[in-house]
Amino acid sequence: MPDSPSPSVLFACVHNAGRSQMAAAFLAHLAGDRVQVRSAGSAPADAVNPAVVAAMAEAGIDIAAEVPKVLTTYAVQASDVVITMGCGDTCPVFPGKRYLDWDLPDPAGQDLAAVRPIRDEIEKRVRSLVEEIASEAKR
């Protein structure tokens, strides 16, 4: 059993239907129970983008049952790292949190071919994040 609780990461975007869903799914897949993962949106959509679901299925990760969630102050307060993806000033900021802004294209309205490179870039960034978290845990 670890000496300290697992770090928590929140991925936030506007609709929580694309980028943040992919990032959260990759982190949960790659880090397992070593990291608590959340995702949310400042103006959640009704459903996850079907092209995003298809792109993640190609990567072997099923997010078909995921639903967009509203970004709450609690979700930000409960997270050690907050990664924003285009939610701008609507993401609450609290002292002591680590904030990263990932400037990524929005997959909204895009077809599967356009979503794949976005998915691949998110996976690359999440893999780097997992390495950072692992090295910080060793300190």
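Is Glu-58 buried, partly exposed or exposed, and which salt bridges is it part of?

Reply: This is a predicted model, in which local features need pLDDT of at least 70 and side-chain atom pairs count only at pLDDT 80 or more, while totals for chains, interfaces and linings use all residues. Residues are numbered from 1 along each chain as its sequence is written, and side-chain values use heavy atoms, with hydrogens and water left out.

Glu-58 is partly exposed, with a relative accessible area of 43%. Here buried means under 20% relative accessible area, exposed means over 50%, and partly exposed lies in between, with a 1.4 Å probe and protein chains only.

The side chain of Glu-58 forms a salt bridge with that of Arg-119, at 3.1 Å from N to O. A salt bridge is a side-chain nitrogen of Lys or Arg within 4 Å of a carboxyl oxygen of Asp or Glu. Glu-58 belongs to helix H2 (residues 50-58) and Arg-119 to helix H4 (residues 112-138), so the pair ties together parts that are 61 residues apart in sequence. Helices (H or I, at least four residues) and strands (E, at least two) are DSSP runs, numbered from the N terminus.

Glu-66 is partly exposed, at 38% relative accessibility, and Lys-69 is partly exposed, at 32%. By this rule, the count comes to nine salt bridges.

Helices H2 and H4 also meet helix H1: the buried residues of H1 pack against strand E1 (8-13), strand E2 (36-41), H2 and H4, where contact means heavy atoms within 4.5 Å. Of the 13 residues of H1, 10 are buried, so this helix is largely enclosed by the rest of the structure. Among the buried residues are Arg-19, Met-22, Phe-26 and Leu-27. After H1 comes Gly-32, whose phi is positive, near 60 degrees.
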